[in-house]
Amino acid sequence: MTTHYEVHGTVARITLSNPPVNGLGHATRLSITDNLQKANADAAIKSIVITGAGKAFSGGADIKEFGSPKAMQEPNLLSVISAVENSSKPVVAAIHSVCMGGGLELALGCHYRIAAPGCSVALPEVKLGLLPGAGGTQRLPRALGVEPALNMIVSGEPVKSELLAQIPGQKLFDKMASSAESLQEEALVFAQSIADTRPLPLVRSLPCKHPKGDAYFQFARNMVKGMAKNFPAPLKCVDAVEAATKRKFEDGMLFERELFINLMWTPESRALRHIFMAERAASKIPDVPADTPQREIKSIAVIGAGTMGGGIAMNFLNAGIPVRMLEMKQEALDRGLATIRKNYEAQVKKGKLKQDKYEQRMGLLSTTLSYDDLKDADLVIEAVFEEMGVKEKVFKELDRVMKPGAILASNTSTLDVNQIAGFTQRPQDVVGMHFFSPANIMKLLEVVRGEKTGKDVLATVMALAKKIRKTAVVSGVCDGFIGNRMIEQYGRQGGFLLDEGCTPEQVDKAAEKFGFAMGPFRMGDLAGNDIGWAIRKRRYQEKPDMKYSKTADLLCEKGRFGQKTGAGWYDYLPGKRDAIPSAEVVQMIEAHRASLGITPRKISDEEIVQRLVFALVNEAAHILEEGIANKASDIDMVYLMGYGFPIFRGGPMLYADQLGLFNVVQAMHRFAQNPLDDAKFWQPAPLLARLAAEGKTFN
Ligand code: 3HC
Ligand code: NAI
């Protein structure tokens, strides 16, 4: 049963009971209308309360139904709300915990609303690329006033019930319960008290005007346009709320419906809904059930106080977990500590962190030069130099000192986690925790699962990631894991494009127009071109027949490592980060091209983007097929959270799905014909070829 029906004297209570958040899926909607009918048919019932069981009144429409016929199957949400409005007996919404989207729209259809304090109230549809589609844009402005309603609808942000109750003249809540605990009791009493009131009040009958009318909406549009960028929904929210002030209620509802349906089919909404689900799916590992026991993590040790070690430590300090950092020399510890202080002080200066919080966090940090001081930590994360020999020494030491049951993690970005685990007598306790730079800011964490990593270790690390607000994605062991293995193919295409006729600026501009936060060459300059150089040198040994452009090596031979050396693919003024196109680099590329006997050709932005993105997609298909990634949506999360892939495109896999895998494969065949590219690479990965042939998608 997705709702419960109980009778309390003359009041019938309908309790939504569809865990986890009482989503208004078809079965729930049907159950609500059935129970409404039952209450209306029972002469002993004088009024009705609708509420939710568990941790929500309702989280809104069931997102999992979107795009399927079930979403609109009768009774759809509009019909349920009509049934509530048309109930001959008063209906009271008893709202608590979470009241969002369709849940709030259902409440707005009720004749009365009583809310518990502390409830998160929102119309978050815009975050899914939509607008409220069951009357929210027409009823909330009437209940709350145009401006506060528009703010809520355009931002999608939750507002606490007690704050909403303070808005002058608001008709959203008829009563605030004195506490969450007493809500149900107070709702029953309230329902009795209004049982005989007629006519029944309806939000739809309330007036809806803005005193400044057109001027206000023009202002709102200008504000929203600047923020909405690639997303169509926010401006449509303004249109819909404006309609509430200018049209009759029924006409406004039709207009809202039309906008809602159109938005539902936009690629941007598809992307945002995909991300919502993908983010939650990422924490689920197929063979690690949700009830897998976890180890307790109360303290952390970090080995290495360099670029990564410091950032990693900050994540845990921010979450209130004590950290001890170890280095080889006092100077290195002092340097690491000073960087952490500097980062926090910058936050204090900007008003983002209170002084007392800063001190509290620093108070949780201690340092040492001795491994023996780490032995009691529950989790130790190694972030020392990227050399197997160094890692070996560290892990042997950790194996010697750490208490049994401690988790031993490595932040390695390329090395074999199985080999690292083999340096210890407890490979089941070893896992990769691959943070991204800057580690205190970037949302992504690749959790690298070794052959012998324990399931409880994985479950623990995934839960811990949530605590430190990271999006964790599990990767198997391979060179580069998910993200860097893919970026290598993207980078290789960038090199070929230069050889064939592009400038770094042209490639970057095309990628940025597509929506990447940064094109490949600006990204190289930021991360340091020497990192890729070191990897290529290794590749030349390991895979001598792999084709590479030599341009990036020539750049590095000039010492142009990027921002840190004041010159890379671009020139940089001292202390500035603006990338200035470099005549020297263009000359270098042209000379190299000439030495290869290549006549440059004009390459379209479309080709640039396709080669960069499809290179990601093809490598990703191999990664998926090899089981390095558990699911396509995990790969999307890696690219969205760690590599600046445009959010509105939903990640490389969803982008390919939306283009059609058949078209992707056709383009790859075209690229394979290009003698200056790598024909072998462009053979579609078997999984991709199969899905394309079967007309299927990754997701
Ligand atoms: N439909 C279906 N499932 C939902 C859901 C929804 N609206 N909202 C959340 N869930 C699911 C999640 O997928 C997750 O499932 P899982 O346990 O299988 O992974 C589970 O509920 C818990 O979600 P969270 O991990 O996000 O839990 P939190 O407690 O952190 O947050 C929440 C709860 C605040 C409700 C948050 O999930 C949320 O913001 N949900 C989205 C709400 C939303 O966007 N509603 C609008 C829907 S669109 C709509 O109503 C259209 C209408 O206008 C016509
Ligand atoms: P770094 O050079 O800035 O810092 C390494 C620190 O480790 C130095 O302070 C050094 O003194 C210390 N160290 C070296 N050997 C040690 C030992 N035996 N015991 C204790 N301390 C020791 O390097 P960075 O960039 O922080 O990288 C560290 C690790 O993180 C590497 O494995 C790297 O591949 C990985 N990584 C780096 C990223 C980056 O963007 N810099 C991103 C993701 C992972």
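How much accessible surface does the protein chain have, and what share of it belongs to carbon and sulfur atoms? The surface comes to about 30100 Å², and 56% of it belongs to carbon and sulfur atoms. Such areas come from the Shrake-Rupley method with a 1.4 Å probe; for residues, only the protein chains shown count as cover.

This is a predicted model: local features need pLDDT of at least 70, side-chain atom pairs count only at pLDDT 80 or more, and totals for chains, interfaces and linings use all residues. Residues are numbered from 1 along each chain as its sequence is written, and side-chain values use heavy atoms, with hydrogens and water left out.

Start with the whole chain. It holds 28 helices and 19 strands. Both are DSSP runs, numbered from the N terminus: helices are H or I with at least four residues, strands are E with at least two. The C-alpha trace spans about 90 × 60 × 50 Å along its principal axes. Of the 699 residues, 55% count as buried, meaning under 20% relative accessible area with a 1.4 Å probe, protein chains only.

Next come the domains, whose bounds come from an automatic or database domain assignment. Domain 1 covers 3–264, domain 2 covers 300–475 and domain 3 covers 483–693. The C-alpha centres of domain 1 and domain 2 lie 45 Å apart.

Now look at helix α4, residues 136–144. Nine of its nine residues are buried, so α4 is largely enclosed by the rest of the structure. Among them are Arg139, Leu140 and Arg142. Their cover includes α2 (77–85), α5 (146–155) and α9 (233–246). After α4 comes Gly145, with a positive phi near 100 degrees.

Technical notes: Chains lettered and ligands numbered in written order. Buried < 20%, exposed > 50% of the residue type's maximum accessible area, 1.4 Å probe, protein only. Contact = heavy atoms within 4.5 Å.
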